[in-house]
Amino acid sequence: MPDPIFPGKPGLYASMLVYALRNTPDFAVEHSEFYRSFRDFYGEVTGRRILDFGCGKTFWLSLLLASDGADAIGADTEVTQTARSWSKYRQLLGSNGLERTLRTAAWDLAFANRYYRRLEREFGKPLRFDKLQLAHIVNNKLPLQDHSLDVIISHEVLEHVDDLEAAFAEMRRTLKPDGIAYLYVHHFTSLSGGHHIAWKHPDTAPSRKVAPWDQLRARRHTEIPSWLNRARAADYRRLLEREFRIQEWRWLPKEGEALLTPDIRAELADYSEQELLHKGFIVIARPLSGAEP
């Protein structure tokens, strides 16, 4: 992965540009693999009302669900639209600021077409942008009725949510009593969990400039693509159990095991090896009933 070319935001953006130019098709492969793993777990999605919580500017998961026959909705705090228009960018500027607007416009103009072509190839059938529904999360509220969703799915989003308690309460409110939440969290304490682009693939392309677990140690490289809430696995579990019955907690594969030297392990003694070596986890949960505490 591209190490910082020079300090600060300019260095971050330069690294992001280099990474996107090299790896945009790989995003589509990674995303398709996640979708297939969800389908292997859940089964048929046709007719199911499914929310992609935190769909982002690419809304890839919502798009795959809609193209697979689901009644899919993508929701995000960022203004998301399938069209590229001045109206969209004006709304983004007013709602999410200049930086987010420029990043979304750059994606739309320079990378989106190549990404969606590869995504469609991996998916194996046409992408149905015309079936896609997109919504805006405002003040931590989902614009959806109570108990209206069969599934809420989220991929590498919750680590960016500033109010997890409110997010989980909204998920419980909008899920049907027999609905399910399928939540993939990129854990902050993992080697790549600090979201520095130089540690995107820690085992195959370790950074030569950013120290391992820098986000837990010296924090010399704080410029990252997006804000993180720094929540740990125990925080997620505690907050989730207020609203959900956790049915399964799957730790993702290990990464960076060879880089956890005895000196670093001693420095990070407050963290378990599970926290440090697993990229994250998938939580599968069902909402508590009204009678449950």
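Buried, as used in these legends, means under 20% relative accessible area. The model shown is predicted.

**Figure 1. Leu 240, a buried residue of helix H5.** Leu 240 has a relative accessible area of 2%, which is under the 20% cut-off, so Leu 240 counts as buried. Helix H5 holds this residue. Leaving out residues up to four places away in sequence, Leu 240 touches Phe 168, Leu 183, Ile 246 and Val 283. Leu 164 lies 76 residues from Leu 240 in sequence, and the two C-alpha atoms are 8.6 Å apart in space.

**Figure 2. Helix H4 and its surroundings.** Helix H4 covers residues 164-174, and eight of its eleven residues are buried, so the helix is largely enclosed by the rest of the structure. The buried positions of H4 are Leu 164, Ala 166, Ala 167, Phe 168, Glu 170, Met 171, Arg 172 and Thr 174. Glu 170 and Arg 172 are therefore among the buried residues, by the criterion of under 20% relative accessible area. The elements packed against by the buried residues of H4 are strand S1 (49-53), S4, S5, helix H5 (233-240), strand S6 (244-251) and S7.

**Figure 3. The largest nonpolar core.** This core has 37 residues. Tyr 35, Phe 38, Leu 65, Tyr 115, Tyr 116, Leu 119 and Ile 153 have the most contacts inside it. At least two core residues come from each of helix H1 (8-42), helix H2 (60-67), helix H3 (86-123), strand S4 (149-155), strand S5 (175-186) and strand S7 (280-287). Another core lies apart from this one and has 31 residues, including Val 161, Met 171, Leu 240 and Phe 281. In soluble globular proteins, nonpolar side chains tend to be buried together.

**Figure 4. Contacts of Leu 65 and Ile 50.** Neighbours within four places in sequence are set aside for both residues. Leu 65 is in contact with Tyr 35, Phe 38, Val 45, Ile 50, Ala 70, Ala 72 and Ile 153. Ile 50 is found in strand S1 and counts as buried, at 0% relative accessibility. The residues touched by Ile 50 are Val 45, Leu 65, Ala 70, Asp 71, Ala 72, Ile 73, Val 151 and Ile 153. From Ile 50 to Ala 66 there are 16 residues in sequence and 9.0 Å in space, C-alpha to C-alpha.

**Figure 5. Trp 213 and Arg 219, two residues with positive phi.** Most residues other than glycine have a negative phi. Trp 213 has a phi near 55°, and Arg 219 has a phi of about 55°. Trp 213 is found in the loop between S5 and H5, and Arg 219 is also placed in the loop between S5 and H5. Is each residue buried or partly exposed? Trp 213 is buried, with a relative accessible area of 0%, whereas Arg 219 is partly exposed at 45% relative accessibility.

Figure 6. Ala 83 is located in the loop between strand S2 (71-76) and H3. Arg 103 is 35 residues from Val 138 along the chain, and their C-alpha atoms are separated by 21 Å.

**Figure 7. The whole protein, for orientation of the close-ups.** The protein contains seven helices and seven strands. Their order from the N terminus is α-β-α-β-α-β-β-α-β-α-β-α-α-β. A compact globule of 293 residues would have a radius of gyration near 19 Å, and the protein agrees with this at 19 Å. Along the principal axes, the C-alpha atoms fill a box of roughly 50 × 45 × 35 Å. Of the 293 residues, 52% are buried. Among contacts with a separation of 6 or more, 74% join residues 24 or more positions apart. The accessible surface is about 13,900 Å², and carbon and sulfur atoms account for 51% of it. There are 40 positive and 40 negative side chains, with the centres of the two sets 4 Å apart.

Methods: Residues numbered from 1 in each chain as written. Predicted model: local features only at pLDDT ≥ 70, side-chain atom pairs only at ≥ 80, totals over all residues. Heavy atoms only, no water. Core = buried A, V, L, I, M, F, W, Y, C linked by side-chain atoms within 4.5 Å. Buried < 20%, exposed > 50% of the residue type's maximum accessible area, 1.4 Å probe, protein only. Helix = DSSP H or I, 4+ residues; strand = E, 2+ residues; numbered from the N terminus. Contact = heavy atoms within 4.5 Å. Rg over C-alpha atoms; globule rule 2.2 N^0.38 Å. Areas by Shrake-Rupley, 256 points an atom, 1.4 Å probe, with all protein chains shown as cover. Lys, Arg positive; Asp, Glu negative; His and termini not counted. Charge placed at Lys NZ, Arg CZ, Asp CG, Glu CD.
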